[in-house]
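This report describes how the parts of one protein chain pack together. Please keep the sequence and the structure in view while reading.

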Amino acid sequence: MADTLKEILLDSSRRPAVVSDFEGLVDAEVSDKGGVSGAVVKTGFAAVKKIKPGIIPSAVDALLDDFTGALEPFYGDYKAKGGNDFGAYLVGRGDEAADALLSVTDARADKSSRDSIKKVYSKLRPNGKKNVEEALPRLGQLIDKHAASV
């Protein structure tokens with residue numbers, strides 16, 4: 001079994017499957033959103049996909065290295081503690097894990113040259129932490145799935 005997220009998620013032979021699974025995670029999380037804030041997320045997500053079809057897998061692939069780096073300290077601690085459910089571990093450190101992941105997207109949004117992307121991101125960002133925290137169980141399960149196949 002691999003010891004680092006880099007070994008698990010960034011190997012060139014597994015990367016396409018990882019990107020596909022992460023795209024599925026994003027779609028599932030958006031689909032599960034309800035209420036007024038869920039409608040805002042779904043509308044923003046649809047707008048982003050309309051602005052640039054294929055943006056979700058492309059964005060996942062582009063961000064995967066940075067997300068992996070942001071999560072690496074959490075995974076190292078999880079492994080050192082002999083964990084068996086990375087999703088539960090991430091939930092237990094939800095505030096920190098969400099901040100680490102959002103620091104990646106915040107930096108990327110700041111660097112974007114597309115005003116439309118910046119505008120949509122700025123509308124989604126206020127609820128971003130809550131949404132990321134809600135996705136942590138699925139994220140951990142997805143990582144556990146790929147770790148088991150290494």
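## Helix 2 against helix 3

Helix 2 passes helix 3 in a left-handed crossing. The model in which this is seen is a predicted one. Two packed helices are described by the angle between their axes and the distance between the axes. For helix 2 and helix 3, the angle is about 140° and the axes are 9 Å apart. An angle over 145 degrees would count as roughly antiparallel; helix 2 and helix 3 are therefore oblique to each other.

On the side of helix 2, the residues that meet helix 3 are Val26, Asp27, Val30 and Ser31. Their partners in helix 3 are Val41, Lys42, Phe45 and Lys49. Sorted by class, this contact of helix 2 with helix 3 holds four nonpolar, one polar and three charged residues.

## Helix 3 against helix 7

Helix 3 spans residues 35–51 and helix 7 spans residues 115–124. The two pack at an angle of about 165°, and their axes lie 10 Å apart. Because of that angle, helix 3 is roughly antiparallel to helix 7. The crossing of helix 3 past helix 7 is left-handed.

Helix 3 contributes Val40, Val41, Gly44, Val48 and Ile51 to the contact, while helix 7 contributes Ser116, Val120 and Leu124. By class, the contact of helix 3 with helix 7 has six nonpolar residues, two polar residues and no charged residues.

## The nonpolar core

How many residues does the largest nonpolar core have? It has 41 residues, and those with the most contacts inside it are Leu90, Leu139 and Ile143. The elements giving two or more residues to this core include helix 1 (5–9), helix 5 (86–92), helix 6 (94–111) and helix 8 (128–148). Helix 2, helix 3 and helix 7 are also among them. The largest share, eleven residues, comes from helix 4.

Leu139 illustrates these contacts. Leaving out residues up to four places away in sequence, Leu139 touches Phe22, Leu25, Leu71, Leu90 and Leu101.

Glu29 lies in helix 2, which covers residues 15–32. Is Glu29 buried or exposed? Its relative accessible area is 10%. Buried means under 20%, so Glu29 is buried.

Apart from neighbours within four places in sequence, Glu29 is in contact with Glu134, Ala135 and Arg138. Glu29 and Lys6 are 23 residues apart in sequence, and their C-alpha atoms are 24 Å apart in space.

Conventions: Residues numbered from 1 in each chain as written. Predicted model: local features only at pLDDT ≥ 70, side-chain atom pairs only at ≥ 80, totals over all residues. Heavy atoms only, no water. Axes fitted to C-alpha atoms, helices over the stretch in contact; angles between N-to-C directions. Helix = DSSP H or I, 4+ residues; strand = E, 2+ residues; numbered from the N terminus. Parallel < 35°, antiparallel > 145°, perpendicular 65-115°, else oblique. Left-handed = near helix turned anticlockwise from the far one by under 90°. Contact = heavy atoms within 4.5 Å. Nonpolar A, V, L, I, M, F, W, Y, C, P; charged D, E, K, R; others polar. Buried < 20%, exposed > 50% of the residue type's maximum accessible area, 1.4 Å probe, protein only. Core = buried A, V, L, I, M, F, W, Y, C linked by side-chain atoms within 4.5 Å.
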